[in-house]
Amino acid sequence: LPTFLALAFGPIDRQRVVNLRVDPGAIDLTRLHAIESIQARVLRGETAPQVGASALRDLGAAPPTFNRWEIWVAYGLAGMAATRFFGGDLKDAIGGAIVGLLVGGLSTLLNARRDRAALAEFLAGIVATVGAWALAQVMPPITMGAVMLAGIVVGEGGMKQTRAQKGRATHTQTTGRKPVKGGAKKQGRGG
């Protein structure tokens, strides 16, 4: 999926913007937090830009925080929790864990190579749907909708939503613009 990075240099009134096309990778919230910490220190003037750039390079070369097995197990636990969130009972939660493990295994394998990472989201939806249907056949009664939604959220929506909310929350920090006050109230009232 095409993604770009917009970089702005200079004072706001004479800013120069550069757009770079980048390949999306796996979401790593630990690294995202570290990147934002480096960015904040540079923006506050606590760290020189050259030191910040060096810290970003070091962060990019660092090994992942969690190994593949830990990530895979986390998918299963998240699937179990999401199933309960969608109203499933204990049996459904076990099904959600199984679907979460299936989706997590697929995502872990596909995200290991950047050229296949874009397939992970698409295939996660298919695996969640087929997995929930298969579990409904093997261990009825099961709330197929809760198990399927949990698999989809774990595989696609959950992490993207977290990243999108974080992006909106840090918009002010990265653009230098003041936040719009009362925007949520206006939207909630329909105007």
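Is arginine 44 buried or exposed? Arginine 44 is exposed, because its relative accessible area is 54%, where exposed means over 50%, buried under 20% and partly exposed in between (1.4 Å probe, protein chains only).

The model is predicted, with local features needing pLDDT of at least 70, side-chain atom pairs counting only at pLDDT 80 or more, and totals for chains, interfaces and linings using all residues. Residues are numbered from 1 along each chain as its sequence is written, and side-chain values use heavy atoms, leaving out hydrogens and water.

**View 1. Salt bridge of glutamate 46 and arginine 44**. The two side chains meet at 2.9 Å, N to O. A salt bridge here is a side-chain nitrogen of Lys or Arg within 4 Å of a carboxyl oxygen of Asp or Glu. Glutamate 46 counts as exposed because its relative accessibility is 52%.

**View 2. Salt bridge of arginine 14 and aspartate 13**. The N to O distance is 3.9 Å. Both arginine 14 and aspartate 13 are exposed. By the rule used, the count comes to 2 salt bridges.

**View 3. Crossing of helix 3 and helix 4**. Helices are DSSP runs (H or I, at least four residues), numbered from the N terminus. The axes of helix 3 (residues 68-85) and helix 4 (residues 90-111) come within 7 Å and cross at roughly 145°; axes are lines fitted to C-alpha atoms over the stretch in contact, with angles from 0 to 180 degrees between N-to-C directions.

Conventions
Helices (H or I, at least four residues) and strands (E, at least two) are DSSP runs, numbered from the N terminus. A crossing is left-handed if the near helix is turned anticlockwise from the far one by less than a right angle, and right-handed if clockwise.
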